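Keep the viewer open as you read.

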Amino acid sequence: MYNTEGVDAVATITELRSETSDLIDHVQSTNNGILIQKNNEPHAVLISWETYKTVKDELDLGDA
């Protein structure tokens, strides 16, 4: 995992596989997401459950 401008943290798919627990602890403790990259391209963001619920409610996504 490493820091980059405009993003709190970035992890590769390989790091996600090997450091899942640490990455989850990071999003829980910082309330910031982690950008997940595959082949140096952004593919997903790992966020805490609380952050997800807040975003979902703000966007009124219903039961998506």
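## Ground rules

This is a predicted model, so to speak: local features need pLDDT of at least 70 and side-chain atom pairs count only at pLDDT 80 or more, while totals for chains, interfaces and linings use all residues. Residues are numbered from 1 along each chain as its sequence is written, and side-chain values use heavy atoms, with hydrogens and water left out.

## The overall layout

The protein has three helices and four strands. Helices (H or I, at least four residues) and strands (E, at least two) are DSSP runs, numbered from the N terminus.

Of the 64 residues, 20% count as buried. Buried here is under 20% relative accessible area, exposed is over 50%, and partly exposed is in between (1.4 Å probe, protein chains only). The protein exposes about 4,700 Å², and carbon and sulfur atoms supply 49% of that; such areas come from the Shrake-Rupley method with a 1.4 Å probe, and for residues only the protein chains shown count as cover. As for contacts (heavy atoms within 4.5 Å), take those between residues at least 6 apart in sequence: 27% of them join residues at least 24 apart.

Which residues of helix α2 are buried? In this helix, residues 20-30, they are L23, H26 and V27. Seen down the axis of α2, these buried residues fall within an arc of 90°, so they line one face of the helix. The arc is taken from the directions from the helix axis to the C-beta atoms. D22 and S29 sit on the other side of α2 and are exposed.

Leaving out residues up to four places away in sequence, A11 touches L23, I34, L35, I36 and Q37.

## Two loop asparagines

N31 lies in the loop between α2 and β3. Its phi is near 60°, a positive value in a residue other than glycine, and with 51% relative accessibility N31 counts as exposed. Now look at N39, in the loop between β3 and β4 (41-46). Phi of N39 is near 55°, also positive, and N39 is exposed at 67% relative accessibility. For background, most residues other than glycine have a negative phi.

## V45 on strand β4

V45 lies in strand β4 and is exposed, with a relative accessible area of 54%. V45 and L35 are ten residues apart in sequence, and their C-alpha atoms are 4.5 Å apart in space. Not counting residues up to four places away in sequence, V45 touches G33, I34 and L35.

## One salt bridge

How many salt bridges are there? The count comes to one, taking a salt bridge as a side-chain nitrogen of Lys or Arg within 4 Å of a carboxyl oxygen of Asp or Glu. The partners are E50 and K53, whose closest N and O atoms are 3.2 Å apart. They are three residues apart in helix α3 (residues 49-59), so about one helical turn separates them. E50 is partly exposed at 48% relative accessibility, and K53 is partly exposed at 32%.
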